[in-house]
Amino acid sequence: MSAPRTPRYGHTMFRDSTLPNSSVSSLLGSPEYPPYATTTMLSRYIPEANPDHPRAKSLLRKLSKRSTVLHIQIGLALSVAALNTAFWIWATATHELDPRGVGTLFTGNCRMTATINTVTHLILNGLSTLFLGAANYCMQILVAPTRANLDSAHALGEWLEIGVLSFRNLRKLKRFKILLYLVLGIVSTLLHLVWNSTLFASIPFTIFTGAIATSDLQWAAERWDNSTTSGAIRTMDLNDRRMIFGLQERARNFTRLDKVSCLKLYVDPLKTTSDIVIVAQNITSSQNNGSSLLQGWINGLFSDGWEYANFWVCDAETPSTTDVTRYCTLDWALSFADDWQLLTWEAPHQQALAVDYCLIGEQADNSNRCGIHFSSPAIGFVSIFTWVGFLVIVFVVRLKDDKAMATIGDAIASYLEHPEKVEAIDGTPNDGSGRIQYPFVKRSLSCSSGYKMAIMPTPWIPSRSVTWFRAVGRGTWIMTYTVFMIGLIPLFAGVIFVLISVSHQGVAIDISGLWKQGLGKVNGFALIQGPWHHGYTFNEFTRQVLLTNGLQILLSFVYLLFNNIVTRQLVADEWTRLLSTEEKKPLRVSAPRSFQRSTYTLSIPFKYSIPMVILFTLSHWLVSQAIFIVQTTVYQSGAANIPVPNKNSSRIGFSALGVVLVFTTVTLMIFGLLVHSGVRKYRNVPKSFPQMATCSAAISAVCRPPEGDTDAYLFPVSMGVVKYERPNLDSAGWLTMSTYIDLRDPQKGLIFDQPVMGKVHGNVKPNKEGLQDTQRLLPNSIY
């Protein structure tokens, strides 16, 4: 590299060959027709060119300003917080709560309840997406650096990131901003743990009395309360024993059912509503010490174990030598209906009894006993933390940090309006408007690898196509997909667990079998056992809620990392498109003026942001249908519709189909991002150029327009090469953003001053006194 020379700011204009040289000189050389876009000239014809003109301050412009968008975020957060709080107060004040703080909003038809539950969770996920989207917007604003942050970082030989949710920028923020950022992150995480469990559906379960009687039940003389059969009923209190003994008299008015009808009615514990007496065909009272009572029990006495309430139906058909506990399904039960047997489990008559027929009491309609419930503590938790999030968003707005650079358009506009001042090696100040003949060095740390960015004469070596992979650093890719793979481990383990659990109960796990099990549907064979089995108390219910929503947190991290990658790629796409000098583009900024474009979604355009919001909203809903709270509302047997509230409980249910779909969806998103990154291309740019898009130093380096182009930040610009007035051997010009009409596209092999990013050999950090030491190391540090 040649020794540094005194900067020259002149340039040679490329003339149009269709006009005489004298015409070009007279027109473009005159102050009235400069070769750049100026407010003075254009505002004569287009009043909007002057940012101070009333026509430049339209309603649309006002609505698109960052301050307006932030107030919209306040409105969204306020609406969600107020809606949650109003519902919490109303529901708690007007509905009775059980010891867990659970109340009932609605009881009715189960199909209608299922529909309401599905729609309700879609609404919940929509509200949470809106609120968390507002929080995410404010978090990105908080980490967006100001010009003062960038100048400070550049003076120390460092650079910050523009247009992305950057953790590296946190170290340059004020403590109050860091606090707000952390609070929003914590609030978002905690809300994901609870939000989907604020409302949930319930299923009805009936506690009924059952007995097995001898074939001569109708004419046996002995009363059951004087039964001589030892162990005919399990150890129970006096009231339960009376309920069993009372069946003998009531059975005279019971309805007789054949074996097939009886199996259809009692094989599903959630459909059974009546007491039952099962009459055996191969034993009489004379063979049972004169008693017609062979067995008696209260079915569902422990309502949190309702999935076992039908095991007596199929127990005799389950081999004792197998490790598989087959779940009693209707298809299986009907297969042995003709030879249906029951096992008695109490001594001294532990034997298989052939069933003759059943006698059943009055029935109720369980299809109209489903309910929609709310958790008052959960809704209160969500209400409190949405208000906390709302207050933080208000603080973000009150910061009035309009100078924070949330998009690369903000940074480009700032550097075009006020090009960065740097010092040459000899300490001579440079106002930044023109050629930089000395290295402009930057350094950042990415994991353990350092990078330097310099402006130096370098050949332009574009590639015909560069994949979107290049927009993201290798360290970011490795970190992101390491987290993705770690996140897929519990999801994959969950798939294996649910498939093994279901198959061990004899339920088919092929595509047809999974589809039959349904999405979000409660099945007795699809309940989680272990420490989370019981849900009677507030603490037990809270543990169930946290476990149920754990996957929501995982999905949120997937979204943040996914969003980070896509944002960087889209920022790089915006950056590389500025290289087309044939079509100058207005800068997309968060507070537009003159011809600048507005932005409503910071760095992600609507064509990406809307599908992503929909995709992840549906994904969160899918998680809520894959693992969920199963609330049981318990009733007494018979048609009287008498609830037993002290027996109400909750379990954690899962849908094997839902778990498989969640794993499949997340896997497709993760690997779809790789496919998308490989298919999409940046055209005719150097391989390292897309990655510079978020680098503040690179942006500053190409924002040195020719002298006189002072209003470029207000008008459409492009990035191209401006020739030096007196070209030399080491450089033909410099790369810059400008409105200059003869800005030229970079040509392959042409040497001109441009930003170059390279890896640092060693750990050399510029001191606070300037860049001199680092500049001297540059020739040996960049490759």
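Author: Let us begin with one side chain: W575 touches I408, F689, P690, M692, A693, A698, I699, V702, M719 and M737, leaving aside residues up to four places away in sequence, where contact means heavy atoms within 4.5 Å. This is a predicted model, in which local features need pLDDT of at least 70, side-chain atom pairs count only at pLDDT 80 or more, and totals for chains, interfaces and linings use all residues. Residues are numbered from 1 along each chain as its sequence is written, and side-chain values use heavy atoms, with hydrogens and water left out.

Reader: Which residues touch the most other members of the largest nonpolar core?

Author: In soluble globular proteins, nonpolar side chains tend to be buried together. Here W575 and M737 touch the most other members of a core of 87 residues, a core being a set of buried Ala, Val, Leu, Ile, Met, Phe, Trp, Tyr and Cys residues joined through side-chain atoms within 4.5 Å, with buried meaning under 20% relative accessible area, exposed over 50% and partly exposed in between (1.4 Å probe, protein chains only).

Reader: How many aromatic pairs does a search of the whole structure find?

Author: A pair of aromatic rings is described by the distance of the centres and the angle of the planes. The search finds 24 pairs, counted when ring centres of Phe, Tyr and Trp (its six-membered ring) lie within 6.5 Å, with planes under 30 degrees apart stacked, over 60 edge-to-face and the rest tilted. The rings of F176 and F395 have centres 5.9 Å apart and planes at 90 degrees, so this pair is edge-to-face. F176 is partly exposed, at 40% relative accessible area, and F395 is partly exposed at 42%.
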